[in-house]
Amino acid sequence: MNILLIDDDEAVRMMLQDIIEDYQLGRIAASLPSAIGMDNHMLARLSADILIIDMLMPDLDGIRAVDTIRKGFAGKVIMLSQVESKDLVGKAYEHGIDYYITKPLNRNEIVRVLRNVSEHLRLESFAHKLKHSLDSLAPQDAAPKAPAPCARQRAQTILQEIGIGTAPGAQDLLDIIDWLEAHSGSIPSLKALFTAVAASRPATSDAGREAKAMEQRLRRALCQGHISLAAMGAVDCTNPRFEDYAPRFFDYTGIRSTMRQIEQEEKPDPARIHINLRKFISALYDQAHS
């Protein structure tokens, strides 16, 4: 991790540098006495992952400095200050800082916070790579969809939020929602459901064969959704979307198991992921009408 230090007190910067080097918490990209001149170009040039900045400095205070870079800086911001006012601390968080450390600095707290920040960045990076890998499985030339009934639109939004809006099988799920709409939401056996949906398509010549192909597409799509939600939870298990969707659509124990794999930077094996198709379809139909 590349760390940029900005504090008008040289003793503070030296202490931070010693702690970072002693505990091998990262590399000091630069150590500056002022935030004057700091911008996203500088951060990019330094390849900064973490910015540690003092709140109160004579030339430019830390909050104003963070305002100038926050929208374009993908790293984490740690703010230092002797001020313990809840209003000022709250203001700092409102302006986009990720962690707040009160002076005088405590070695153990510095080590703990930097390790937490590094772990968070590592998980975000891994989840981003995993999402990119999942997105590459989606069709690149999906045709624009015509306006659809409200329940179908809601179902489509949910699939997008789960990460499978354009995955093979997404269209099958939307057609299933349409079929259930026309049959009062009553779910027959999965084999009967898939066969009925396949038979309702004008181009289907063999409904039984298409039903089997549909089931395979659905299982692949839901494996992708399972992994996508697990990656989301690995980065932030308090994410409202994760908290709502993970237990509602999937086996939560399985999601937690996949999260542990992601946290250890292991690529989840879809063959070992249990998918409950009936639970997912029932939950999707219910949510589409909520």
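This is a predicted model: local features need pLDDT of at least 70, side-chain atom pairs count only at pLDDT 80 or more; totals for chains, interfaces and linings use all residues.
Student: OK, so what does Asp 206 reach at the start of α9?
Tutor: The backbone nitrogen of Gly 208. A side-chain oxygen of Asp 206 comes to within 3.2 Å of that nitrogen.
Student: And how many residues does α9 have?
Tutor: Helix α9 has 29 residues, 207-235. From first C-alpha to last, α9 reaches 42 Å, close to the 42 Å expected at 1.5 Å a residue.
Student: Switching to the sheet. What's the strand order?
Tutor: β2-β1-β3-β4-β5, an open sheet with parallel pairing. Twist averages 20° from one strand to the next.
Student: How many bridges join β4 to β5?
Tutor: Four, with β4 spanning residues 76-81. Ile 78 stands opposite Tyr 99 in β5.
Student: Which strands does α3 lie across?
Tutor: β3 (50-54) and β4. Helix α3, residues 62-69, runs at about 150° to β3.
Student: Now domains. Where are the bounds?
Tutor: Domain 1 is 2-124 and domain 2 is 151-288. Their centres, over C-alpha atoms, are 41 Å apart.
Student: How much area do they bury between them?
Tutor: About 430 Å², with 55% of it on carbon and sulfur atoms. On the domain 1 side, His 120, Arg 122 and Leu 123 lose the most area, together 88% of what that side buries.
Student: And how many residues are in contact?
Tutor: Five of domain 1 with five of domain 2.

Note on methods:
Residues are numbered from 1 along each chain as its sequence is written. Side-chain values use heavy atoms; hydrogens and water are left out. Two strands pair if DSSP finds at least two bridges between them. Helices (H or I, at least four residues) and strands (E, at least two) are DSSP runs, numbered from the N terminus. Axes are lines fitted to C-alpha atoms, for helices over the stretch in contact, and angles run from 0 to 180 degrees between N-to-C directions. Contact means heavy atoms within 4.5 Å. The expected span of a helix is 1.5 Å times one less than its number of residues. A polar contact is a pair of N or O atoms within 3.5 Å; within protein, one must be able to donate a hydrogen and the other to accept it, and residues adjacent in sequence count only if both atoms are side-chain atoms. Domain bounds come from an automatic or database domain assignment. Buried area is the accessible area (1.4 Å probe) that two parts lose on being put together, summed over both.
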